[in-house]
Amino acid sequence: MKAWIVEHPGPIDGPDRPLRRVERDVPEPGPGQIRLRVSCCGVCRTDLHLVEGDLEPRRPGVVPGHEVVGLVEVLGPGAGRFAPGDRVGVPWLGGTDGRCRFCRRGDENLCLAPTFTGWDVDGGYADACLVDEAYAYVLPDSVPDEQAAPLLCAGIIGYRALRCAAVPQGGRLGIYGFGGSAHLTAQVALHLGMRVHVLTRGEANQELASELGVDSVGGATDTPPEPLDGAILFAPAGGLVPLALRALDRGGTLAVAGIWLSDIPALNYSGELFEERRLRSVTANTRRDGEEFLGLADRFGIRATTTAYPMADAPAALADLAHGSFSGAAVLHN
């Protein structure tokens with residue numbers, strides 16, 4: 001089979017070409033695993049961080065991609081949750097130990113020994129991939145493959161970030177950055193009755209936010225028109241943290257949704273943290289988060305704005321993501 005591997009992490013536009021397409025044996029599933037024939041795979045900013053070296057690869061030659069939609073081909077020993085031909089989604093969270101103190105209390109996103117798809121184990125930038133069946137998702141029949149792929153990380157992590165931002169019903173949410181995850185989160189927030197204010201750069205992103213019916217759209221460094229009950233930072237820009245904290249009302253929470261963030265400037269306690277403003281990170285997700293979000297996506301008709309690329313053009317898709325050349329999410333197709 002054909003697969004893209006991270007060979008030499010570095011700038012996606014650099015001369016060393018960090019991604020290389022190779023021929024590999026089709027993987028055989030182990031106990032509890034299933035093998036999927038990949039239909040499509042979403043392109044996540046985390047993939048870009050991995051390819052460019054912001055996230056150090058966990059092993060040489062790893063295949064990126066963790067928003068995978070495919071059909072079950074082969075069941076490993078003991079696997080029985082799915083049948084050959086079933087349509088399945090593969091997410092970022094690929095496995096947990098199930099034994100540590102966090103798993104025992106239901107916080108498997110904080111597991112001490114997790115496995116992540118496309119980082120620890122090979123992901124979906126390939127013709128086929130393996131997944132532990134316990135961590136795969138049943139996909140809503142109402143959502144076609146290309147629409148389903150971005151839901152599996154961008155959607156799920158955005159939903160967890162929305163929960164972490166603790167916006168009350170009818171409250172005011174600020175969204176900083178408006179890419180693949182944010183445009184899905186905004187739809188959920190609007191359906192839940194929140195007032196949504198988007199602050200982002202890029203004319204295409206601002207236009208998409210307006211088309212989705214948010215309450216206001218401004219530049220990334222603008223002040224929203226009203227104090228925020230909660231905010232989510234999707235842009236990997238630590239310099240926006242003080243601005244977002246200052247935009248919060250008393251008791252508001254800023255949730256940082258990315259796995260990587262540039263350095264945060266020094267914070268002013270009285271202006272940015274006092275009056276019980278909170279700053280918290282979002283670390284992966286639980287399987288329950290994913291199931292809840294996919295249920296809401298089906299119920300509310302959440303739809304991703306997507307740009308399709310052939311799997312052979314994975315480097316171009318990542319480069320376009322780096323340069324903000326599309327709004328919404330990119331999806332690679334076999």
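1. The lining of the second largest pocket splits into 11 nonpolar, seven polar and four charged residues. Here Ala, Val, Leu, Ile, Met, Phe, Trp, Tyr, Cys and Pro count as nonpolar, Asp, Glu, Lys and Arg as charged, and the others, Gly among them, as polar.

2. Basis. This is a predicted model, where local features need pLDDT of at least 70, side-chain atom pairs count only at pLDDT 80 or more, and totals for chains, interfaces and linings use all residues. Numbering runs from 1 along each chain as its sequence is written, and side-chain values use heavy atoms, without hydrogens or water.

3. The second largest pocket has a volume of about 310 Å³. A pocket is an open set of points on a 1 Å grid over the protein atoms alone, where a 1.4 Å probe fits, with protein on both sides within 12 Å along at least five of seven lines; lining residues have an atom within 4 Å of a point. Volume is the space filled by probe spheres set on the points, which are joined across faces, edges and corners.

4. Of its 22 lining residues, Gln-33, Val-121, Asp-122, Leu-130 and Val-131 lie nearest the centre of the second largest pocket. Strands E6 (93-95) and E8 (128-132) each supply at least two lining residues. E8 gives the largest share, five residues. Strands are DSSP runs of at least two residues (E), helices of at least four (H or I), numbered from the N terminus.

5. Helices H3 (residues 145-165) and H4 (residues 180-191) pack at about 55°, axes 8 Å apart. Axes are lines fitted to C-alpha atoms over the stretch in contact, and angles run from 0 to 180 degrees between N-to-C directions.
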